[in-house]
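Hi there,

Here is the structure I promised to pass on to you.

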Amino acid sequence: MSLTTWLASYGLGVGSELTDLDHDQLTVLVEYALGGSPASNDVILHPGITLQELSVGGFVDAYAVMTFTRNNAAEGVIITPEASQDLVSLQEITQVLTYAPSAQVGLDLISVRVADPISSNTRLFVRLRVETK
Ligand SMILES: [Ca+2]
């Protein structure tokens, strides 16, 4: 379903993508990409961050893992997980741990890990960037 069609299904028009009408801290565009609704609270869709002990290259260490949903029906959006140590320089997180259907029909559940173990970072920020193509 195109973004325009999806917006119209909620009585919204092009130009409302960056609003947060239901005050759940997710913009309308992010709700479309992650599988939420601009008319209901979707706090449950906020990306989750956990620390996990993982074996990478034969060495076990603690890694930051971000988990988020993706709306299978969303067309024309790019979801990019990113990590930064200083909020100036951002690197795309490309190490995908899992990419599988979620418990909610139509959504995939994706987990990615930051490339370097948490012990190598004094500070670490992660975010999900959502943009239209
Ligand atoms: Ca919502």
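This is a predicted model: local features need pLDDT of at least 70, side-chain atom pairs count only at pLDDT 80 or more; totals for chains, interfaces and linings use all residues.

Leaving aside its neighbours within four places in sequence, which residues is T80 in contact with?

Residues are numbered from 1 along each chain as its sequence is written.

**The overall picture**

The protein has two helices and seven strands. Helices (H or I, at least four residues) and strands (E, at least two) are DSSP runs, numbered from the N terminus. Starting at that end, the order of elements is α-α-β-β-β-β-β-β-β. The C-alpha trace spans about 50 × 30 × 25 Å along its principal axes.

Of the 133 residues in the protein, 23% are buried. A residue is called buried if 20 or more other C-beta atoms lie within 10 Å of its own, exposed if 12 or fewer, and partly exposed in between, with C-beta atoms placed from the backbone. Two residues are in contact if their C-beta atoms, placed from the backbone, lie within 7 Å. Among contacts with a separation of 6 or more, 55% are between residues 24 or more positions apart.

**Back to T80**

T80 sits in strand β3. Apart from its neighbours within four places in sequence, T80 is in contact with E92 and R129. T80 and E92 are twelve residues apart along the chain, and their C-alpha atoms are separated by 6.7 Å. T80 counts as partly exposed because it has 13 C-beta neighbours inside 10 Å.

**The sheet around β3**

Strands of a sheet pair through backbone hydrogen bonds, either parallel or antiparallel. Here, an open sheet of three strands has the order β4-β3-β7, with antiparallel pairing. β4 and β7 are at the edges with a single partner strand each, so one side of each has no neighbour in the sheet. Two strands are said to pair if DSSP finds at least two bridges between them.

β3 (77-84) and β7 (residues 125-132) are antiparallel and joined by eight bridges. You can trace this pairing through V77, whose bridge partner in β7 is T132, and through A83, whose partner in β7 is V126.

Most residues other than glycine have a negative phi. L87 is not a glycine, yet its phi is positive. L87 is exposed, because it has 9 other C-beta atoms within 10 Å.

**Another hairpin, and another positive phi**

Next, please find β1 (residues 48-56). β1 is joined to β2 by nine bridges, and the two run antiparallel. In this pairing, S55 has V60 in β2 as its bridge partner. The hairpin of β1 and β2 has two residues between the strands, and G57 takes a positive phi near 60 degrees in it. Is β1 largely buried or in the open? Of its nine residues, the number buried is zero, so β1 lies largely in the open.

L54 is found in β1. It is partly exposed, with 15 other C-beta atoms within 10 Å. Leaving aside its neighbours within four places in sequence, L54 is in contact with V60, Y63 and R113.

Q25 also has a positive phi, near 70 degrees, and is a residue other than glycine. Q25 lies in the loop between α1 (3-9) and α2. With 11 other C-beta atoms within 10 Å, Q25 is exposed.

**The nonpolar core**

In soluble globular proteins, nonpolar side chains tend to be buried together. A nonpolar core is a set of buried Ala, Val, Leu, Ile, Met, Phe, Trp, Tyr and Cys residues joined through C-beta atoms within 7 Å. The largest one here has 20 residues, and L29, V30, A33 and M66 have the most contacts inside it. The elements that give two or more residues to this core are α2 (28-34), β2 (59-71) and β6 (107-113). α2 provides the largest share, six residues.

Enjoy exploring!
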